[in-house]
Amino acid sequence: MDINDIIKPENRVYKRPALLNDTHMHYCPGCSHGVVHKLIAEILEEMNAEDKAIGVAPVGCAVFAYNYIDVDFIEAAHGRAPAVATAIKRLQPDKLVFTYQGDGDLAAIGTAETIHAANRGENIAIVFINNAIYGMTGGQMAPTTLLGMKTATTPYGRRADLNGYPLAISNLVAQLDGACYVTRQSVHTPAAVRKAKAAIRKAFENSMAGKGTSLVEIVSTCNSGWKLPPVQANEWMKEHMFEKYPIGDLKNV
Amino acid sequence: MEEVRLMKGNEALAHAAIRYGADGYFGYPITPQSEVLETLEDEMPWETTGMVVLQAESEVAAINMVYAGAGCGKAVFTSSSSPGVSLMQEGISYIAASELPALIINVMRGGPGLGTIHPSQADYFQACKGGGHGDYHAIVLAPSSVQEMCDFVSLGWDLAFKYRTPAMILADGIVGQMMEKVVLPEQRPRRTEEQIRQQCPWATTGKKGRKQNIITSLELDDDRMEQNNLRFQRTYREIEKNETRCELINTDGCDYLLVAFGSMARICQKVMELAAEKGIKLGLVRPITLWPFPAQQIADAAKGCKGILTVELDAGQMIEDVKLAVNCNVEVKHYGRLGGNVPTPDEVLAALENLFINK
């Protein structure tokens, strides 16, 4: 059989999502952002939501998310994405509104907006990339940096007495009455990717069903910031990150 | 239909916004402007026009909600007082840089710091000279009556949408708190989504039938960022050319010229009466737009007069623009009270006499 007999539309099982732009991403090889972007693009396409989706981009590595995911986007100031999403959704309740934020954006400078948007039960979905480091600014300590972890601003390792403790903010959000769905996922294996996709889809569906705020934390790697090759970064994440940030649902109402 | 009511400036502003067909208000309580949020919550416009009213967790969140609403092409606004408006400066810079129409109200109180809850005009520099980071301007309107607190809501939004730029109503605590007769305008309908799609084709309304819209102020290519800045500056020159507004009272052939805005312009009208009794002929220029500043109008009014007194509830801020306007061809002095104090007309006249006549 000739290979051209196999390459036919009816045999196609996988393709680039229509809403993921055919362009070079600026993300480092091995970074989790590209996988999560692809999942969002796939889900929006599967939900036929491309005409009603409005994304909110963060400040951080994903600041250019709007260059890759082909729906309307508003670029928020650092940490303000949940406030921005609040207004978009309140003013246009028929739209699918989601934020895409890193750990510094969501759990440090934007803590107040995260907590209060979830506490008001805003009908938005929050996708939260937790790689325990500030990637874009060059690998400084994040609120989620593990104790002992070396970063540009904790060169001898994070110390509780100097820097406080890693913040499991999803556990905090899960305590709030306005949050309907809080889950922690990862994208380091094909099985994990499928689970993460189901979680993000559920969060998007919750927002359209008016159930309240959903937060999907993706425990991620930052091989550049962690100074590890991609495969080793995945191993390091399994060994260290999952202990502090265990995978699974924290709340599912 | 139009309606005549007796109310505070802050209350009139809230009613005017509902009647304009506003889509959303996002704010945080602070004295002396909390009546704006209180009036809106009391009126429950979400039941009638569908307007959104939300008490945010902070002024920082509120201005970013306004940024988002403006990005969606909606008529949205926030109100605060001086310390709260300081917190909003980053967001105002983003709104200007993203070329979005929004209305921001500052009912000024005395500073610096936590300061006082009593009236002030000491945020003139912040409002007119940028406030936030980068080369930008907001159109700044200075109401001096409850009626103008009402009227400048529609003027502010109309200008903001025309030029896609933030507009600020810079009121002082007196204008926000005093009660006067006001004619409220007719209720206008809110714009439909279809109208917004037509009038604001740049807005994030969902990309139905068009390419993706992105609201952002980020541009890492230096040449493109320079072009963006040059476009902003062209808009500002257009605004300066078309939208400079002021009121001139008895300026023809006056001995001395007063320049004052907001509540101080009202006090200066009494000063003019007292001066006339003493045979001193005073004129008054009341800037209505503080940015763009009515420099040419002041220069024209100052021709032939012996001196200019700026009367401000601050230590001398607008005086700098007045000096630039007359290019030091006329002597310009300042009189102001600080810390929430308000001068009487007698005090102002005595200051004028001491600074110019009996010196």
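Two bridges join strand S2(A) to strand S9 (residues 214-215) of chain B, and the two strands run parallel. Strands here are DSSP runs labelled E of at least two residues, while helices are runs labelled H or I of at least four, both numbered from the N terminus. Two strands pair if DSSP finds at least two bridges between them. Ile74(A) stands opposite Ile215(B) of S9(B).

This is a predicted model, in which local features need pLDDT of at least 70 and side-chain atom pairs count only at pLDDT 80 or more, while totals for chains, interfaces and linings use all residues. Residues are numbered from 1 along each chain as its sequence is written, and chains are lettered from A and ligands numbered from 1 in the order in which they are written.

**Where the chains touch**

How many residues does each chain give to the contact? Chain A gives 28 residues and chain B gives 30. Two residues are in contact if their C-beta atoms, placed from the backbone, lie within 7 Å. On the side of chain A that touches chain B, the elements giving two or more residues are strand S1 (53-57), strand S2 (72-75), helix H3 (81-91) and helix H5 (111-120) of chain A. H3(A) gives the most to this side, with seven residues. By class, this side of chain A has 15 nonpolar, three polar and ten charged residues. Here Ala, Val, Leu, Ile, Met, Phe, Trp, Tyr, Cys and Pro count as nonpolar, Asp, Glu, Lys and Arg as charged, and the others, Gly among them, as polar.

H3(A) and H5(A) also pack against each other, at an angle of about 35° with their axes 7 Å apart. Axes are lines fitted to C-alpha atoms, for helices over the stretch in contact, and angles run from 0 to 180 degrees between N-to-C directions. H3(A) brings Pro82(A), Ala83(A), Ala85(A) and Thr86(A) to this contact, and H5(A) brings Glu113(A), Thr114(A) and Ala117(A). By class, that makes four nonpolar, two polar and one charged residues.

Now look at Asp70(A), found in the loop between S1 and S2 of chain A. Is Asp70(A) buried or exposed? It counts as buried because it has 22 C-beta neighbours inside 10 Å. A residue is buried if 20 or more other C-beta atoms lie within 10 Å of its own, exposed if 12 or fewer, and partly exposed in between, with C-beta atoms placed from the backbone. Leaving aside neighbours within four places in sequence, Asp70(A) is in contact with Leu19(A), Asn21(A) and Gln212(B). Asn21(A) is 49 residues away along the chain, yet the C-alpha atoms of Asp70(A) and Asn21(A) are separated by 6.3 Å.

The contact takes 24 residues from domain 1 of chain B and 20 residues from domain 2 of chain B. On the domain 1 side, H6(B) gives the most, with four residues. That side has 16 nonpolar, seven polar and one charged residues.

| Strand order (chain B) | Strands | Pairing |
|---|---|---|
| S3-S2-S4-S5-S7-S6-S13 | seven | mixed |
| S10-S12-S11-S14-S15 | five | mixed |

Val140(B) has Met168(B) of S7(B) as its bridge partner.

Helix H11 (residues 263-277) of chain B lies across S10, S11, strand S12 (282-287) and S14 of chain B, running at about 170° to S12(B).

**A helix with a buried face**

Which residues of helix H13 (residues 318-326) of chain B are buried? They are Met318(B), Ile319(B), Asp321(B), Val322(B), Ala325(B) and Val326(B). Seen down the axis of H13(B), these buried residues fall within an arc of 160°, so they line one face of the helix. The arc is that of the directions from the helix axis to the C-beta atoms. What covers them includes helix H6 (124-128), strand S11 (256-259), helix H12 (295-302), strand S14 (307-312) and strand S15 (332-336) of chain B. After H13(B) comes Asn327(B), whose phi is positive, near 55°.
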